[in-house]
Amino acid sequence: IRGGSSLSAKNDPLVVVDGVPLDNDGVVGMGNPLTTINPNDIETFTVLKDASATAIYGSRASNGVIIITTKKGKKGSSMSVNYAGNVSVGVPTKTIDVLSGDQFRKLFKEKGLVSDRLGDASTDWQDEIYRTAVSTDHNVSLSGAVKSMPYRVSLGYTNENGILKTSKMDRTTAAANLSPSFLDDHLKVNLNAKYSFTKNHFADQGAIGNALRFNPTVN
């Protein structure tokens, strides 16, 4: 946000969710703590990069601050149920032009080469490692107010598939918020509970280069 300020320390901004700063060292087992937050639960997303605006958070905010406020129920509102979902499709837009099995055998014949590893097939290994990836995202929320206590509960599930076979990410999130007020609104309390479970399967990207070099005459 503010540019690199150190040669050896991290230059990541400080992330603050509903007033709670997240550790700059990140969450154990996860590359980025922002991935634990369901985008459908975000009400506002504010970036602070001015030194005076970040002074309240001390030296850990030297690289800027990202302030995230999640959605809450509204006082006096009736119960409402909302659903948001989408489906996306990913396809490889372009592959590397390589020799087919027939072209490979013809080249061997023209060069006078002999190999017992030549087969009768014609396999495009790029077609074998890539796929049409269909991903889905589903989110359901329930919000409203009981007397003077607004509430909001949400549940989300994301299934994201990569175009490289076996590449996959599953994420389940849940959030609950209660924001009661007391003493004629002179005392306001916010109670937040968030849950996130993410399961990643990273495909071996070495298969991309190997698919270009592998023998196209076998299957």
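I take two strands as paired if DSSP finds at least two bridges between them. Helices (H or I, at least four residues) and strands (E, at least two) are DSSP runs, numbered from the N terminus.

**Entry 1: ground rules.** I am working on a predicted model, where local features need pLDDT of at least 70, side-chain atom pairs count only at pLDDT 80 or more, and totals for chains, interfaces and linings use all residues. I number residues from 1 along each chain as its sequence is written, and side-chain values use heavy atoms, with hydrogens and water left out.

Entry 2: I looked up the partners of β8 (residues 168–178). Strand β7 (residues 149–161) runs antiparallel to β8, and 11 bridges join them. Within this pair, Glu 160 has Met 169 in β8 as its bridge partner. The hairpin of β7 and β8 has six residues between the strands, and there Thr 166 takes a positive phi near 80°. β8 also pairs with β11 (residues 191–201), again in the antiparallel sense, over 11 bridges. Here I find Thr 172 bridged to Phe 197 in β11.

**Entry 3: the open sheet.** I traced four strands that form an open sheet in the order β2-β1-β4-β3, with mixed pairing. β2 (20–21) and β3 (42–48) stand at the edges, each with a single partner strand, so one side of each is left without a neighbour in the sheet. Two bridges join β1 (residues 14–17) to β2, and these strands run antiparallel. Val 17 stands opposite Val 20 in β2.

**Entry 4: the loop between β9 and β10.** I checked the backbone of two residues here. Leu 183 lies in the loop between β9 (181–182) and β10 (187–188) and has a positive phi of about 55° although it is not a glycine. Asp 185 lies in that loop as well; its phi is positive, about 70°, and it is not a glycine either. For cover I use relative accessible area: buried is under 20%, exposed over 50%, partly exposed in between (1.4 Å probe, protein chains only). Leu 183 is exposed at 63%, whereas Asp 185 is partly exposed at 37%.

**Entry 5: a nonpolar patch.** Which residues make the nonpolar surface patch of about 570 Å²? I list Met 79, Val 81, Tyr 83, Val 140, Leu 142 and Val 153. Patch residues have over 30% relative accessible area and no salt bridge; like charges are joined within 9 Å, nonpolar side chains (Val, Leu, Ile, Met, Phe, Trp, Tyr) within 5 Å. A salt bridge is a side-chain nitrogen of Lys or Arg within 4 Å of a carboxyl oxygen of Asp or Glu. Accessible areas come from the Shrake-Rupley method with a 1.4 Å probe, and for residues only the protein chains shown count as cover. β5 (80–90) and β6 (133–146) each supply at least two residues of the patch. Tyr 83 is in β5 and is exposed, with a relative accessible area of 55%.
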